[in-house]
Amino acid sequence: MTLDPEAITAWADQNGKPGRACADIVTSREAHELIQHYVDQLNAGLNGWETIKRFTILERDLDLANDELTPSMKLKRKVVLSNFEKDVEGLYAN
């Protein structure tokens with residue numbers, strides 16, 4: 001998951017964290033808690049097997065320039081897993 005840089009920067013400015021870089025904001029505990037609130041609301045209407053258990057917020061969108069997407073915008077799973085290996089491993093750690 002990624003967040004809109006303008007929106008999350010505005011949120012940070014309004015919540016006592018002005019001037020921070022977008023990458024610092026999206027990896028912060030506060031941003032994770034903000035998104036967790038929305039995930040919890042979504043999960044409330046789902047069956048247990050449908051719910052989001054863990055998530056991570058990526059510092060940037062996936063893109064063609066980093067060879068993570070095909071020209072038709074399909075995900076290149078192996079490249080994404082390689083580029084975001086630590087993020088993916090974090091989803092499976094206790």
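K76 and D67 form a salt bridge, and their closest N and O atoms are 2.5 Å apart. Keep in mind that this is a predicted model. K76 has a relative accessible area of 27%, so K76 counts as partly exposed. D67, with 38%, is partly exposed too. As background, side chains of opposite charge can pair when their charged atoms come close.

How many salt bridges does the structure hold? There are five. Another one joins K17 to E30, with the closest N and O atoms 3.6 Å apart. This pair links distant parts of the chain: K17 sits in the loop between helix 1 and helix 2, E30 sits in helix 3, and they are 13 residues apart. R29 pairs with E33 at 2.8 Å between the closest N and O atoms. Those two both lie in helix 3, four residues apart, which is about one turn of the helix. R29 counts as exposed because its relative accessibility is 54%, while E33, at 44%, counts as partly exposed. K17, R29, E30 and E33 are linked in a network of salt bridges.

Now the inside. The largest nonpolar core has 11 residues, among them L3, W11, V26 and F55. Helix 1, helix 2 and helix 3 each supply at least two residues of this core. Leaving aside neighbours within four places in sequence, V26 is in contact with L3, I8, A31, I57, L58 and E59.

Last, the surface. L42, L46 and I52 form a nonpolar patch there, with about 220 Å² of accessible area together. L46 lies in the loop between helix 3 and helix 4. T51 is placed in that loop as well, and its side chain reaches the backbone oxygen of G48 at 2.9 Å.

Key: Residues are numbered from 1 along each chain as its sequence is written. This is a predicted model: local features need pLDDT of at least 70, side-chain atom pairs count only at pLDDT 80 or more; totals for chains, interfaces and linings use all residues. Side-chain values use heavy atoms; hydrogens and water are left out. A nonpolar core is a set of buried Ala, Val, Leu, Ile, Met, Phe, Trp, Tyr and Cys residues joined through side-chain atoms within 4.5 Å. Buried means under 20% relative accessible area, exposed over 50%, partly exposed in between (1.4 Å probe, protein chains only). Contact means heavy atoms within 4.5 Å. Patches are made of residues with over 30% relative accessible area and no salt bridge: like charges are joined within 9 Å, nonpolar side chains (Val, Leu, Ile, Met, Phe, Trp, Tyr) within 5 Å. Accessible areas come from the Shrake-Rupley method with a 1.4 Å probe; for residues, only the protein chains shown count as cover. A salt bridge is a side-chain nitrogen of Lys or Arg within 4 Å of a carboxyl oxygen of Asp or Glu. A polar contact is a pair of N or O atoms within 3.5 Å; within protein, one must be able to donate a hydrogen and the other to accept it, and residues adjacent in sequence count only if both atoms are side-chain atoms.
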